[in-house]
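Keep the viewer open as you read.

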Amino acid sequence: MTLGASASASISAGGGKVVITKALSIGAGAALDVNDDGFVYDYTGSSTIATVRSLLQSGFNVGSWNGAGLDSTAAHNDAAMSHALGYAEASSLGVSSFLGQGVDTTAVLVRYTKYGDNNLDGTVDIGNDFGLLIDGLATHASSWMMGDYTYDGKVDLGNDVNLFLRSYLGQIVHPGLLASVAPPQTVVTVAAAPAVPPMDLLFSGSNSGADEDNAGIPLFD
Ligand SMILES: [Ca+2]
Ligand SMILES: [Ca+2]
């Protein structure tokens, strides 16, 4: 697949589609819109995963998903900003099929999915994805599969862990549900707090007054 400078191509929306290519050349300013589908770079020889990450970082465009390289109209239009294009080596994932297509061990897989879906199975979970993220955090990893959801080559707390939690918790408490909760209509007036008696009264007792250190505290007299 070759896209000349500033050219654009798009996989039609609808999900479940997979474009497989054995060669990829994307010219300056050009973009391949993966949309809400899948893409496989079935390379020969050296892995092309670094190239794919670079194209995704460009398309990601700091979250806007409308940059040159590999971008996504579906992610760009996602108001919740919860979707991205995940990528991984088929061999690292240990899979021989991807979105219904057979893949060999020299293939880089790209999938429209949620931030936090490290293993590209379409869901964000603790058992698989969070485990990979924590491993990635501990080993300073640099791939999506190990938790770099921002394509900057590092797994960090501020961006990547935050994106994971946002995505994972978003599955449990849907943002739409929170938004549908009406704000309180009644203004609650908080009554003035009762006056606090002076300290002498609080600790009054059978104090002789001779022991100034514990004045007014009968327990210690
Ligand atoms: Ca997953
Ligand atoms: Ca990152």
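## A helix across the sheet

Helix H1 (residues 49-60) lies across S6, S8 and S11, and runs at about 170° to S8. Here, helices (H or I, at least four residues) and strands (E, at least two) are DSSP runs, numbered from the N terminus. The angle is taken between axes, which are lines fitted to C-alpha atoms, for helices over the stretch in contact; angles run from 0 to 180 degrees between N-to-C directions. Contact means that the C-beta atoms of two residues, placed from the backbone, lie within 7 Å.

Some ground rules: this is a predicted model, where local features need pLDDT of at least 70 and side-chain atom pairs count only at pLDDT 80 or more, while totals for chains, interfaces and linings use all residues. Residues are numbered from 1 along each chain as its sequence is written, and chains are lettered from A and ligands numbered from 1 in the order in which they are written.

## The sheet

What order do the 4 strands of the open sheet take? They go S3-S6-S11-S8, with mixed pairing. At the edges sit strand S3 (18-21) and strand S8 (83-89), each pairing on one side only. From one strand to the next, the twist averages 20°. Two strands count as paired if DSSP finds at least two bridges between them. As background, strands of a sheet pair through backbone hydrogen bonds, either parallel or antiparallel.

Strand S6 (residues 38-41) runs antiparallel to strand S11 (residues 108-114), and 4 bridges join the two. S3 and S6, on the other hand, pair in the parallel sense over 4 bridges. Gly38 is a handy spot to look at: its bridge partner in S11 is Arg111, and Val18 stands opposite Gly38 as well. S6 is covered on both faces, with Gly38 and Val40 buried on one side and Phe39 and Tyr41 buried on the other. Buried means 20 or more other C-beta atoms within 10 Å of a residue's own, exposed means 12 or fewer, and partly exposed is in between, with C-beta atoms placed from the backbone.

## Loops with positive phi

Most residues other than glycine have a negative phi. Asn35, in the loop between strand S5 (31-33) and S6, has a positive phi near 60°. Asn35 counts as buried because 23 other C-beta atoms lie within 10 Å.

Tyr151 also has a positive phi, about 60°, and is not a glycine. Look for Tyr151 in the loop between H4 and helix H5 (157-172). Tyr151 is buried because it has 23 C-beta neighbours inside 10 Å.

H5 has 16 residues and reaches 21 Å from first C-alpha to last, close to the 22 Å expected at 1.5 Å a residue; the expected span is 1.5 Å times one less than the number of residues. Its buried residues are Asp160, Leu163, Phe164, Ser167 and Tyr168. Seen down the axis of H5, they fall within an arc of 115°, so they line one face of the helix. That arc is the one of the directions from the helix axis to the C-beta atoms. These buried residues pack against S11 and H4, whereas the face turned away from them carries the exposed Leu157, Gly158 and Ile172.

Asp125 is in the loop between S11 and helix H4 (126-138). Its C-alpha is separated by 9.6 Å from that of Ser167, 42 residues apart along the chain. Asp125 is partly exposed because it has 15 C-beta neighbours inside 10 Å.
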